[in-house]
Amino acid sequence: MAEHDEIGSLSRLPLPQPATKQYTLRNQMFSAGAAGLMARALLHPVDTLKTLRQSESVVLSQRSTLWSTARQVLQSGRGFRGLYAGATICISGSIPAQAVYF
């Protein structure tokens with residue numbers, strides 16, 4: 001009987017209310033721009049490898065794996081920076097685009 005009383009008292013607890021904080025347009029645009037920056041920064045190496053792989057298969061008429069393309073880029077004179085070739089222009093365009101989109 002005591003267990004039933006405890007369960008009944010729990011049902012009378014107030015439920016948590018949803019957050020009512022209003023975000024300003026500037027905060028929303030900043031957050032969306034930051035999300036665009038992170039997404040582009042994380043995915044740019046994959047996009048670079050995809051592009052290199054596609055152009056390589058057209059020129060050489062043979063397919064290479066994503067890993068072999070990554071190995072070639074990393075072993076080239078550019079090293080890890082080769083994965084981020086052209087990232088500056090892509091990131092500088094994605095930040096305002098995402099800020100306006102969201």
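This is a predicted model: local features need pLDDT of at least 70, side-chain atom pairs count only at pLDDT 80 or more; totals for chains, interfaces and linings use all residues.
Figure 1. Side chains of opposite charge can pair when their charged atoms come close. Here, the side chains of R40 and D47 form a salt bridge, with 3.9 Å from N to O. D47 also has a salt bridge with K50, where the closest N and O atoms are 3.6 Å apart. Two salt bridges are found in the structure, and R40, D47 and K50 are linked by them into a network. If you look for D47 and K50, you will find both in helix α2, three residues apart, or about one turn of the helix. D47 is partly exposed at 30% relative accessible area, and K50 is partly exposed too, at 39%.

Figure 2. Is H44 buried or exposed? With a relative accessibility of 4%, H44 counts as buried, because the limit for buried is under 20%. A polar atom of the H44 side chain lies 3.0 Å from the backbone oxygen of A85. Setting aside neighbours within four places in sequence, the contacts of H44 are L83, Y84, A85, G86, A87 and C90.

**Figure 3. V73 sits among residues from other parts of the sequence.** Helix α3, which runs over residues 66-75, contains V73. V73 is buried, with a relative accessible area of 6%. Which residues does V73 touch, leaving out those up to four places away in sequence? They are L49, L52, G79, G82 and L83. Take a moment to find L83: V73 and L83 are ten residues apart in sequence, and their C-alpha atoms are 7.0 Å apart in space.

**Figure 4. F80 and Y84 form an aromatic pair.** A pair of aromatic rings is described by the distance of the centres and the angle of the planes. The count of aromatic pairs in this model is one. The ring centres of F80 and Y84 are 5.8 Å apart and the planes stand at 55 degrees, so the pair is tilted. F80 counts as exposed, at 56% relative accessibility, whereas Y84 is partly exposed, with a relative accessible area of 30%.

**Figure 5. Six residues make a nonpolar surface patch.** L37, M38, L42, L43, V46 and I95 make up this nonpolar patch of about 540 Å². Which helix gives the largest share of the patch? That is helix α2 (residues 25-60), which supplies five residues. I95 belongs to helix α4, residues 87-101. I95 is partly exposed, at 31% relative accessible area.

**Figure 6. The protein chain seen as a whole.** After the close-ups, here is the wider setting. The protein chain has four helices and zero strands, and along the sequence they follow the pattern α-α-α-α. Of its 102 residues, 21% count as buried. The protein chain exposes about 8,500 Å², and carbon and sulfur atoms supply 64% of that area. Among contacts between residues at least 6 apart in sequence, 56% join residues at least 24 apart.

Conventions: Residues are numbered from 1 along each chain as its sequence is written. Side-chain values use heavy atoms; hydrogens and water are left out. Patches are made of residues with over 30% relative accessible area and no salt bridge: like charges are joined within 9 Å, nonpolar side chains (Val, Leu, Ile, Met, Phe, Trp, Tyr) within 5 Å. Accessible areas come from the Shrake-Rupley method with a 1.4 Å probe; for residues, only the protein chains shown count as cover. A salt bridge is a side-chain nitrogen of Lys or Arg within 4 Å of a carboxyl oxygen of Asp or Glu. Helices (H or I, at least four residues) and strands (E, at least two) are DSSP runs, numbered from the N terminus. Buried means under 20% relative accessible area, exposed over 50%, partly exposed in between (1.4 Å probe, protein chains only). Contact means heavy atoms within 4.5 Å. A polar contact is a pair of N or O atoms within 3.5 Å; within protein, one must be able to donate a hydrogen and the other to accept it, and residues adjacent in sequence count only if both atoms are side-chain atoms. Rings of Phe, Tyr and Trp (its six-membered ring) pair if their centres lie within 6.5 Å; planes under 30 degrees apart count as stacked, over 60 as edge-to-face and the rest as tilted.
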